[in-house]
Structures are given as C-alpha cells and as structure tokens.
Amino acid sequence: MNDDGLKLEAREPSVSAGGEREPEGTRTHLSDVSFEALIEEQLRRMGENPDRPGLERTPKRVAESLRWLTRGYNASVQEAIGDGVFEEKHDSMVLVKDIELYSMCEHHLLPFFGKAHIAYIPDGKIVGLSKVPRLVEIFARRLQVQERLTEQIASALEEAVEPRGVGVVVEAYHLCMMMRGVEKQNSKTITSAVRGLFRSDPRTREEFLRLVLSPQFIS
Ligand SMILES: [Zn+2]
C-alpha cells in the first residue's frame, strides 16, 4: 500500500494514457490517467487483449457503468426528499417493505443485492412513500458495507421526518461470498438499525420484525 493513496509504485512496465511506455520502477501518477485507460490496463492485467474486437468499447462502457453505479456520491438526501415531507397526525407505524436494492461491496467491488424494509412512527410529519426508495438509492449507489448502508438509511429518515422511531432491515446476497472464496451460495446477510421507539419499546420492535421477516426472500 502506498502512503497517499494516489500514486502506485509501478511494478511492471505499463502503458500510460499517452501510449508511452513507463520505465520500470518509476512512480506513475495514476490520477492523470483517464478512467477508460485504467480499465484498459486492468483488462491487460487480467490477461486479456483489450484490442480484440469484443473488448474495443469495454473500457468506455465499464467507466460509464461504474459512474452510474456510484452516482449516490453526487446525490443528497435534501434533493431526494425535496418537498416530500408533510404535516400529518398519523401516529401508527408506516412500513415500506421489499424495496429492491443494488449496491457494491467496498472490499471486493462486487455487487450485493436484496431488499430493504423501512419503517417509522411519525411525530407530526410523514414523508411521501415514493421518497423512501429514493433514500435507499442515495446510499446504495456508493461503495458500501451492508451495516453502514443500513445505518445511513435510518439516520437519513430520522433527520428528514424527526419521527418517534425508525426501523430499517436490509437483507442481501453478496456476490463476493457467493462466487469467490467461501462460495456460500445460499447465505444471505441481514442487518438492522433501530432508533427511538423501535429500540426502547420491545413490542414495537417485535411488530416491525414480524412484519418484515417473511419466510420467502427474493420471489
Ligand atoms: Zn465483499
């Protein structure tokens, strides 16, 4: 690992963005290299020939795809919820269940995917139901660990609606577990974050968990 995270020690001769061959052992400023050129080099390191016809446009596609998959970095909760918070007297649990979720694990850059279940008990304010999945998108479209993703969704909802409690459950399959290493192909990971009444009142928490943890998962 390097000291500042921006430069890498060039271990083998590599082709820079400008097409010049770097002498062995020099420091390459990777921050000057285009995203596409990095992916082209990545293909080479994987033993591929980036010039063969099938891969010709792959660096461009992958760069675009990765930008899209991490577009959450440029999104804010403020924008996503906008004017979607309303004064309302409703004071029972609101639950949005089975929100599809696609994210990428920050350890392997491989997808994890599943569902999020989000509940809150209003305290004078409710949020438009269509805004809830948008909250998930903001945080899922970044490099993540499932635990942090779950907490971030809970915090965002808590800040936006100032409810009496928030409960979030995320259940997901991780491709880094399923297709590499341990190959635990059927294991799913469940994480939860509970705040306010969902934490202090066991009956509220139990009702929430009973409602969300249905026997079947991806149907
Ligand atoms: Zn992983």
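## A walk through the fold, starting from the core

Let's start inside: the largest nonpolar core has 33 residues, and Ile153, Leu157 and Val168 are the ones that touch the most other members. A nonpolar core here is a set of buried Ala, Val, Leu, Ile, Met, Phe, Trp, Tyr and Cys residues joined through C-beta atoms within 7 Å. Buried means that 20 or more other C-beta atoms lie within 10 Å of a residue's own, exposed means 12 or fewer, and partly exposed is in between, with C-beta atoms placed from the backbone. Keep in mind that this is a predicted model, where local features need pLDDT of at least 70, side-chain atom pairs count only at pLDDT 80 or more, and totals for chains, interfaces and linings use all residues. Residues are numbered from 1 along each chain as its sequence is written.

Which elements give two or more residues to this core? The top contributor is α5, with seven residues. As for Leu157, setting aside neighbours within four places in sequence, its contacts are Ile118, Tyr120, Leu135 and Val166; a contact means that two C-beta atoms, placed from the backbone, lie within 7 Å.

Zooming out, the protein has eight helices and nine strands. These are DSSP runs numbered from the N terminus, with helices being H or I of at least four residues and strands E of at least two. Buried residues make up 25% of the 219 residues. Of the contacts with a separation of 6 or more, 63% are between residues 24 or more positions apart.

Now look at helix α8 (residues 202-212), whose buried residues are Thr204, Phe208 and Val212. Down the helix axis, these buried residues fall within an arc of 55°, so they line one face of α8; the arc is that of the directions from the axis to the C-beta atoms. On the other side of α8, Pro202, Arg203, Glu206 and Arg210 are exposed. The cover over the buried residues of α8 includes β4 (94-105), β5 (111-121), β8 (165-174) and α7 (197-200).

Strand β8 is also where you'll find Ala172. This residue counts as buried because 24 other C-beta atoms lie within 10 Å. Not counting residues up to four places away in sequence, Ala172 touches Leu101, Phe112, Phe113, Gly114, Gln146, Lys188 and Thr189. Ala172 and Ser103 are 69 residues apart in sequence, with 9.5 Å between their C-alpha atoms.

Most residues other than glycine have a negative phi. Asp98, in strand β4, has a positive phi of about 60°. Asp98 is partly exposed because it has 15 C-beta neighbours inside 10 Å. Glu162 sits in the loop between α5 (146-161) and β8, and its phi is positive too, near 45°. With 14 other C-beta atoms within 10 Å, Glu162 is partly exposed.

Finally, how do α1 and α2 meet? The axes of α1 (residues 35-45) and α2 (residues 58-69) come within 8 Å and cross at roughly 115°. Axes are lines fitted to C-alpha atoms, for helices over the stretch in contact, and angles run from 0 to 180 degrees between N-to-C directions. On the α1 side, Phe35, Glu36, Ile39, Glu40 and Leu43 meet Thr58, Pro59, Lys60, Val62 and Ala63 of α2.
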